[in-house]
Amino acid sequence: MSPLDNLLASVQAYNPSADLAPIRDAYTLVASGSFGGVRPTAAQNIEHACEVAQILARLRMDVPTIVAGLLHEALEGQGATTLPELRRRFGDEIAELVDGLTRISRYNAVSSEERQAENFRKMLIAMARDLRVILVKLADRLHIMRTLAAQPEEKQRQLARETRDIYAPLANRLGISWLKCDLEDIAFRFLEPEIFTSLAAQVEKRAQEQAGYVEAVRINILDKLHEHKIAGEVYGRSKHLWSIYRKMERQGVELDQIYDLVAFRVMVTSLRDCYAVLGIIHAAWKPLPGRFKDYIAMPKANMYQSLHTTVIGPQGEPMEVQIRTEEMHRIAEEGIAAHWKYKEKGVTVADARDDKSFAWLRQMLECQYELTDSKEFMDSVRFELFPGEVFVFTPRGEVCELPRGSTPIDFAFSIHTNIGMHCVGAKVNGKLVPLKTVLSNGDLVEIITSPNQTPSKDWLKHVHTAKARNKIRQWIKGAERDKSIVIGRDLLEKELRKQGAALGRFLNSEEMNHAALDLGFANSEELLASVGYGKVPVGQVVGRLLPPEKSKDEIAVIPLTPRPPERKKAGSAITIHGVDDIMVRFAKCCNPLPGDEVIGFVTRGRGVTVHTVDCNHALMSDPERRIDVEWDLKKKTTRPVKVRVYCYDQQGMLASITGAITNCEANIVSASIMSTPDHRGLNNFELDVQDLAHLNRVINALLKIKGVYKVERLRS
């Protein structure tokens with residue numbers, strides 16, 4: 001049977017009334033070898049197009065999507081077809097799908113986080129227009145992964161890592177479980193090939209050993225269904241390799257210590273039968289406390305519904321049982337592809353505006369519009385693609401799904417941004433609780449608001465949702481800017497007063513606007529903010545507002561062409577939220593390292609001094625002059641740190657200590673060595689290290705030396 005016949009048979013199996021003419025026409029274009037494509041040969045292009053279409057047929061997609069799968073590279077490569085030609089031959093709907101896919105494909109080569117962020121932004125925009133675009137993209141990625149062995153090793157790892165980070169979680173969010181599992185397992189194979197091969201062999205061996213047990217349990221459950229006159233089927237389902245490996249890593253156990261490698265799935269015909277079977281299972285075998293999940297009453301965000309329970313099975317070992325209807329199973333396997341709206345047309349974000357299943361997608365779209373920083377954007381994407389399973393209730397009884405570890409602040413922002421912004425307290429199950437309280441399944445949450453309340457930067461330590469984090473950061477940036485304007489205005493007013501002038505006459509004046517433009521700012525507010533941050537010395541502004549002949553003191557005249565402001569050092573590795581090019585100094589009282597939690601303190605006219613968040617000097621400083629800063633981990637730099645090593649005074653000890661430091665690639669700047677009368681050594685070193693992790697490696701290496709009993713970091 002030809003590839004076309006296979007494809008047509010697959011489509012007709014789930015859609016007997018489908019118009020197959022567009023599929024035949026698209027295949028003819030593909031088979032001609034002159035439709036575009038990016039692979040070395042025409043045969044490889046044809047094979048790839050047909051395989052992508054077959055994957056979409058497995059998802060039971062409509063005809064336009066199947067055609068788009070065949071033609072998804074028609075606008076790329078040698079002999080590419082044009083968009084007008086596609087419109088003429090296949091119509092606007094298919095042409096738009098192919099065009100959306102082409103826009104994404106142009107950003108496939110990921111070489112940095114910025115490139116990955118740009119790629120995902122394009123994908124989100126295409127999804128907003130028609131969700132079928134991303135389904136074709138996922139089918140395309142699955143076939144790429146299935147043929148990944150033909151790629152160079154570096155390309156294999158790059159594509160596998162991107163698949164694990166973005167595409168597999170996206171398939172999971174769309175509810176397509178088999179696609180998500182395939183993508184994860186193939187990525188696992190190429191990222192950890194030795195572990196994958198070993199684990200696959202062990203799992204296969206154990207599956208053969210347990211085959212008799214699995215069949216016996218399956219028949220046992222089926223007999224119990226027949227006893228209660230419940231129609232259904234029972235299957236033993238092996239977990240996929242990546243999920244097994246993650247469980248081993250998470251629990252720190254070997255494969256032999258994992259007892260639930262096989263989950264039993266019971267398929268029944270009605271919702272009532274699901275709960276009846278649950279009762280039968282719990283009556284036959286003792287359930288494990290805390291291992292029952294009702295995803296029927298509270299579906300996952302990707303529309304998944306099922307009952308999950310773990311019981312002590314016939315041989316005294318835990319076994320997982322999943323119970324669902326056939327329709328629930330179809331949705332679990334096909335996810336968004338099983339959505340009823342596909343029977344008519346593609347789903348867009350506008351179509352899904354009132355559908356809670358798409359709330360995560362709308363949230364990611366908001367993020368891509370609001371966040372320009374690539375790191376923040378990709379962090380938000382990962383938050384949304386890796387959801388938890390905490391279900392809480394509003395006072396009206398509505399269910400709200402939040403990531404695991406969420407707090408009342410996350411809940412407040414999930415209800416409405418204004419509620420989050422003015423959240424002052426919370427009640428959980430009728431009791432007042434701190435805002436940092438971690439919510440649990442089934443909690444009833446009520447938010448208390450006040451018009452005078454505003455977000456605190458401390459909230460960022462306790463939020464887990466991208467929406468809450470982004471909104472709080474936006475507000476803090478605006479508040480920090482307002483503070484810097486006030487500080488800048490005060491500094492300028494004092495300096496003008498020394499020259500016998502008043503600030504009032506210059507505010508909103510042409511002179512102030514010209515001064516701002518001369519110094520490279522859009523308006524006077526931006527200029528004052530930069531003065532407050534220490535980015536621009538106040539003398540430069542006064543020099544432009546008061547010409548020399550108007551200065552009170554001719555000797556102290558500020559020149560019209562002053563020295564450019566000192567900029568932060570390239571190696572400072574500090575980012576100031578919302579502004580650039582600020583003078584940065586590191587406090588000697590706490591000597592922060594990259595990796596330490598830090599905070600900035602605006603020093604009038606001298607930029608920002610960086611302290612650790614627990615530094616006493618920072619805690620006693622004026623809260624109005626504190627600003628948020630963070631390490632720019634992309635910048636490679638070194639920072640000095642002082643370390644004290646306590647040891648026993650014995651031969652060769654100093655050589656061992658310096659050797660351990662050198663082996664960790666840390667540079668010794670200075671050293672002070674002394675011994676005490678009780679034959680102990682006290683050694684002070686000043687080292688150059690890259691960050692906190694580097695310092696910890698040095699400390700751990702020192703502690704492994706026989707005779708060293710204590711190592712501490714000195715803060716000053």
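Modeller: The loop that links α3 (42–58) and α4 (63–70) contains Arg 60. The model is a predicted one, and in it the phi angle of Arg 60 is near 60 degrees, a positive value in a residue that is not glycine. Arg 60 has a relative accessible area of 36%, so this residue is classed as partly exposed.

Glu 665 is placed in the loop between α24 and β18.

Strands of a sheet pair through backbone hydrogen bonds, either parallel or antiparallel. Here 4 strands make up an open sheet, arranged in the order β18-β19-β17-β20 with antiparallel pairing. Its edges are β18 (667–675) and β20 (708–714), each of which pairs on one side only. From one strand to the next, the twist averages 20 degrees. Between β18 and strand β19 (residues 680–689) there are 8 bridges, and these two strands run antiparallel. Within this pairing, Ala 671 is found opposite Phe 685 of β19.

Two helices are placed across the sheet. Helix α24 (residues 653–663) lies across β17 (639–648), β18, β19 and β20, and its direction makes an angle of about 20 degrees with β19. Helix α25 (residues 692–703) lies across β17, β19 and β20, with an angle of about 160 degrees to β20.

Arg 164 belongs to helix α9 (residues 153–173). The relative accessibility of Arg 164 is 17%, and since buried means under 20%, Arg 164 counts as buried. The side chain of Arg 164 makes a polar contact of 3.0 Å with the side chain of Glu 192. Arg 481, in turn, is part of helix α19. Its relative accessibility of 24% falls between the 20% and 50% limits, and therefore Arg 481 counts as partly exposed. From C-alpha to C-alpha, Arg 481 and Gly 532 are 8.9 Å apart in space, while 51 residues separate them in sequence.

Helix α19 also takes part in a crossing of two helices. Helix α17 (residues 408–415) and helix α19 (residues 466–498) have axes that come within 8 Å and cross at roughly 90 degrees. This angle lies in the range of 65 to 115 degrees, which means that α17 is roughly perpendicular to α19. On the α17 side the contact involves Ile 409, Asp 410 and Phe 413, and on the α19 side Lys 467, Ala 468, Lys 471 and Ile 472. By class, the residues of the contact of α17 with α19 comprise 4 nonpolar, no polar and 3 charged. As background to such contacts, an α-helix has 3.6 residues a turn, so residues three or four places apart point the same way.

Another crossing involves helix α10 (residues 177–191) and helix α12 (residues 241–251), whose axes come within 8 Å and cross at roughly 65 degrees. Because the perpendicular class covers 65 to 115 degrees, α10 also counts as roughly perpendicular to α12. From α10, the contact draws on Glu 184, Asp 185 and Phe 188, and from α12 on Leu 241, Trp 242 and Tyr 245. The residues of the contact of α10 with α12 divide into 4 nonpolar, no polar and 2 charged.

The extent of burial can be followed along a whole helix as well. Helix α22 (residues 538–545) is mostly covered, with 7 of its 8 residues buried. The buried residues of α22 are Val 538, Gly 539, Gln 540, Val 541, Val 542, Gly 543 and Leu 545.

These parts belong to a protein with 25 helices and 20 strands. Of its 716 residues, 50% count as buried. Among contacts in the protein with a separation of 6 or more, 65% are between residues 24 or more positions apart.

Technical notes. Residues are numbered from 1 along each chain as its sequence is written. This is a predicted model: local features need pLDDT of at least 70, side-chain atom pairs count only at pLDDT 80 or more; totals for chains, interfaces and linings use all residues. Side-chain values use heavy atoms; hydrogens and water are left out. Axes are lines fitted to C-alpha atoms, for helices over the stretch in contact, and angles run from 0 to 180 degrees between N-to-C directions. Angles under 35 degrees count as roughly parallel, over 145 as roughly antiparallel, 65 to 115 as roughly perpendicular and the rest as oblique. Contact means heavy atoms within 4.5 Å. Ala, Val, Leu, Ile, Met, Phe, Trp, Tyr, Cys and Pro count as nonpolar, Asp, Glu, Lys and Arg as charged, and the others, Gly among them, as polar. Buried means under 20% relative accessible area, exposed over 50%, partly exposed in between (1.4 Å probe, protein chains only). Two strands pair if DSSP finds at least two bridges between them. A polar contact is a pair of N or O atoms within 3.5 Å; within protein, one must be able to donate a hydrogen and the other to accept it, and residues adjacent in sequence count only if both atoms are side-chain atoms.
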